[in-house]
Amino acid sequence: MALDINALYNVSSGAIKEAAKNAPTTKPDTYVDKSFNDLLGTAIDNINTTNSYLSDAENEEIKWALGETENTHDLSIALMKASTALQYTVSIRDKLLEAYKELMQMQI
């Protein structure tokens, strides 16, 4: 069972506790390692994509400022992509931090 990064938007305290109750009891290390690896891989891919969009936007700004292009349409598209990707990345980071803080406050 692979975790999807979009599922982080739906994380709540009840969902975390329910997932912990329903976690498989056989081979827990394998399950945890695979899920964590999938989640980490997806997060790294998202960060790389965000960096790519930010770099593309910066390149378009430089081209426009130097007068190499007069097409403001490409510039505005690159800026919107970069802005949206950055907002998405920041919101995922915030959700992860909230989930981590909640897990740290749980009593065993």
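In which helix is isoleucine 44 found? Isoleucine 44 belongs to helix H2, which covers residues 28-66; helices here are DSSP runs of H or I with at least four residues, numbered from the N terminus.

## Basis of the model

This is a predicted model, in which local features need pLDDT of at least 70 and side-chain atom pairs count only at pLDDT 80 or more, while totals for chains, interfaces and linings use all residues. Residues are numbered from 1 along each chain as its sequence is written, and side-chain values use heavy atoms, with hydrogens and water left out.

## A nonpolar patch

Phe36, Leu40 and Ile44 make a nonpolar surface patch of about 280 Å². Such a patch joins nonpolar side chains within 5 Å, from residues with over 30% relative accessible area and no salt bridge. Isoleucine 44 counts as partly exposed because its relative accessibility is 42%, where buried means under 20%, exposed over 50% and partly exposed in between, with a 1.4 Å probe and protein chains only.

## Helix H3

Helix H3 comprises 34 residues, 72-105. From first C-alpha to last it reaches 49 Å, close to the 50 Å expected at 1.5 Å a residue, a span computed as 1.5 Å times one less than the number of residues. Its buried residues are Leu75, Ala78, Ala82, Ala85, Ile92 and Ala99.

## The salt bridge

One salt bridge is found in the whole structure, defined as a side-chain nitrogen of Lys or Arg within 4 Å of a carboxyl oxygen of Asp or Glu. Arginine 93 and aspartate 94 form a salt bridge, with their closest N and O atoms 2.8 Å apart. Arginine 93 is partly exposed at 46%, and aspartate 94 is partly exposed at 31%.

Methods. Patch = residues over 30% accessible without salt bridge, like charges linked within 9 Å, V, L, I, M, F, W, Y side chains within 5 Å. Areas by Shrake-Rupley, 256 points an atom, 1.4 Å probe, with all protein chains shown as cover. Helix = DSSP H or I, 4+ residues; strand = E, 2+ residues; numbered from the N terminus.
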